[in-house]
Amino acid sequence: MRKVAILAAVIALAACGQKADLQPAEGKSLPEPAYGEIERQDAAKLLELDPLAAPGRSVELRKRSEEREDDPFDLPPE
């Protein structure tokens, strides 16, 4: 019974997410603009991922088992 109560508390706590916009901490400011930039970016813009940081999948997943092609670079150790 105690485990169920702890599990319920953890799930309830995990469901409590902050929905407000991010703001810098008290007494702090956003980073200076990058070299060549004219104005500072807001918090939302700074949190966007660069496409190279999280690239989209460019290969189709296998739907059935297939023989692997020979890999000429799969060499045994010397």
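Arg40 has a relative accessible area of 37%, so it is partly exposed, a class lying between buried (under 20%) and exposed (over 50%), with a 1.4 Å probe and protein chains only. The model is a predicted one, in which local features need pLDDT of at least 70, side-chain atom pairs count only at pLDDT 80 or more, and totals for chains, interfaces and linings use all residues. Residues are numbered from 1 along each chain as its sequence is written, and side-chain values use heavy atoms, leaving out hydrogens and water.

Arg40 pairs with Glu32 in a salt bridge, at 2.7 Å from N to O; the term requires a side-chain nitrogen of Lys or Arg within 4 Å of a carboxyl oxygen of Asp or Glu. Glu32 is exposed, at 60% relative accessibility. The whole structure holds two salt bridges. Lys45 and Glu48 also form one, with their closest N and O atoms 3.5 Å apart, and Lys45 is partly exposed at 41%.

The protein has two helices and zero strands, taken as DSSP runs (H or I of at least four residues for helices, E of at least two for strands) numbered from the N terminus. The protein is more spread out than a compact globule, because its radius of gyration is 24 Å, well over the 12 Å that the globule rule gives for 78 residues. That radius is taken over C-alpha atoms, and the rule is 2.2 Å times the number of residues to the power 0.38. Of the 78 residues, 1% count as buried.

Asp70 lies in the segment after α2 (43-47) and is exposed, at 74% relative accessibility.
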